[in-house]
Amino acid sequence: MTPDEVVLRPLRWWDIADAHALEVQLFPDTWSQEVFWSELAAPGRCYVVVQDPGGALLGYAGLAVTGTQADVQTIAVAPSAQGRGLGAVLLDALLAAALDAGATSVMLEVRADNAGAINLYRRAGFEQIAVRRRYYQPGDVDALIMRLRAVQSPSQVVTTTPSVRPVWC
Ligand SMILES: CC(C)(COP(=O)(O)OP(=O)(O)OC[C@H]1O[C@@H](n2cnc3c(N)ncnc32)[C@H](O)[C@@H]1OP(=O)(O)O)[C@@H](O)C(=O)NCCC(=O)NCCS
């Protein structure tokens with residue numbers, strides 16, 4: 001499934017069970033379904049999904065905006081759909097939502113051993129600004145704090161594929 005074949009849309013409550021099933025596959029420190037519910041209910045949140053034309057959930061991502069600051073809360077693509085540009089589609093959608101909400105910078109935390117995600121963020125212009133030593137347990141894995149400054153150019157965040165243009169939350 002490539003970016004021009006998927007549907008990008010807001011994550012709704014009826015997606016939570018499927019998103020949680022992906023979450024369990026992908027993250028060692030798994031969010032419960034209750035965390036998804038509370039994230040959707042919280043102010044300033046933007047959650048999006050990509051699905052295949054048949055409606056199967058392929059990935060999801062979330063953003064929290066407070067004033068001019070935004071934070072990437074999560075981003076995940078199903079193992080069978082990784083490496084085809086869907087993570088970049090989801091991240092573009094979050095950055096578009098951040099821009100739309102008036103955020104001027106976007107921050108995130110990522111495991112220092114997650115090379116794929118770090119590349120995804122660097123590709124979008126994020127830079128490492130700090131390290132939290134032994135932040136992730138178990139395993140004593142460092143957290144890298146990354147920031148994208150100056151979320152201001154539409155060309156930075158608009159995907160080239162018409163069918164997956166960012167949605168505003
Ligand atoms: C990180 C994740 C969201 C990336 O999704 P994806 O759909 O595979 O990523 P894309 O295909 O859109 O790749 C976009 C860019 O990310 C980078 N990237 C993604 N996966 C990579 C990998 N395994 N190794 C190296 N670079 C990778 C590349 O720079 C790639 O650009 P390129 O193809 O032009 O080189 C996905 O691997 C995932 O869900 N991982 C498990 C959950 C996770 O770790 N989330 C991040 C938490 S901070």
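These legends walk through several close-up views of one predicted model. Residues are numbered from 1 along each chain as its sequence is written. Because the model is predicted, local features need pLDDT of at least 70 and side-chain atom pairs count only at pLDDT 80 or more, while totals for chains, interfaces and linings use all residues.

**View 1. The seven-stranded open sheet.** Let's start with the sheet, whose strands follow the order E1-E2-E3-E4-E5-E7-E6 with mixed pairing. Helices (H or I, at least four residues) and strands (E, at least two) are DSSP runs, numbered from the N terminus, and two strands pair if DSSP finds at least two bridges between them. At the edges are E1 (7-10) and E6 (127-136), each of which pairs on one side only. From one strand to the next, the twist averages 25°. Angles here run from 0 to 180 degrees between N-to-C directions, and axes are lines fitted to C-alpha atoms, for helices over the stretch in contact.

**View 2. E3 and its two neighbours.** Strand E2 (residues 45-51) runs antiparallel to E3, joined by seven bridges, and Val49 can be found opposite Tyr60 in E3. E3 (residues 57-66) also pairs with E4 in the antiparallel sense, this time over eight bridges. Look for Thr66 opposite Gln69 in E4. Two residues lie between the strands in the hairpin of E3 and E4, where Gly67 has a positive phi near 60°.

**View 3. Gln69 and the parallel pair.** On to E4 and E5 (residues 105-111), which run parallel and share three bridges. Here the bridge partner of Gln69 in E5 is Ser105.

**View 4. Helices over the sheet.** H3 lies across E1, E2, E3, E4 and E5, at about 25° to E3. H4 lies across E5 and E7 (141-149), and runs at about 165° to E5.

**View 5. The crossing of H1 and H2.** Two packed helices are described by the angle between their axes and the distance between the axes. For H1 (residues 16-26) and H2 (residues 33-41), the axes come within 9 Å and cross at roughly 125°. H1 is therefore oblique to H2; angles under 35 degrees count as roughly parallel, over 145 as roughly antiparallel, 65 to 115 as roughly perpendicular and the rest as oblique. Ile16, Ala17, Ala19 and His20 of H1 make the contact with Gln33, Phe36 and Trp37 of H2, where contact requires C-beta atoms, placed from the backbone, within 7 Å. By class, this contact has five nonpolar, two polar and no charged residues. Ala, Val, Leu, Ile, Met, Phe, Trp, Tyr, Cys and Pro count as nonpolar, Asp, Glu, Lys and Arg as charged, and the others, Gly among them, as polar.

**View 6. The shell around the ligand.** The ligand is surrounded by 19 residues, the closest being Gln82, Gly87, Gly116, Asn119 and Leu120; a residue is near if its C-beta atom, placed from the backbone, lies within 6 Å. Two or more residues each come from E4 (69-77), H3 (86-100) and H4 (115-123). H4 gives the largest share, six residues. The shell has ten nonpolar, seven polar and two charged residues.

View 7. Most residues other than glycine have a negative phi, and most peptide bonds are trans. Arg134, in strand E6, has a positive phi near 50°. In the loop between E6 and E7 sits Pro138, and the peptide bond from Gln137 to Pro138 is cis, with omega near -5°.

Notes
Two residues are in contact if their C-beta atoms, placed from the backbone, lie within 7 Å.
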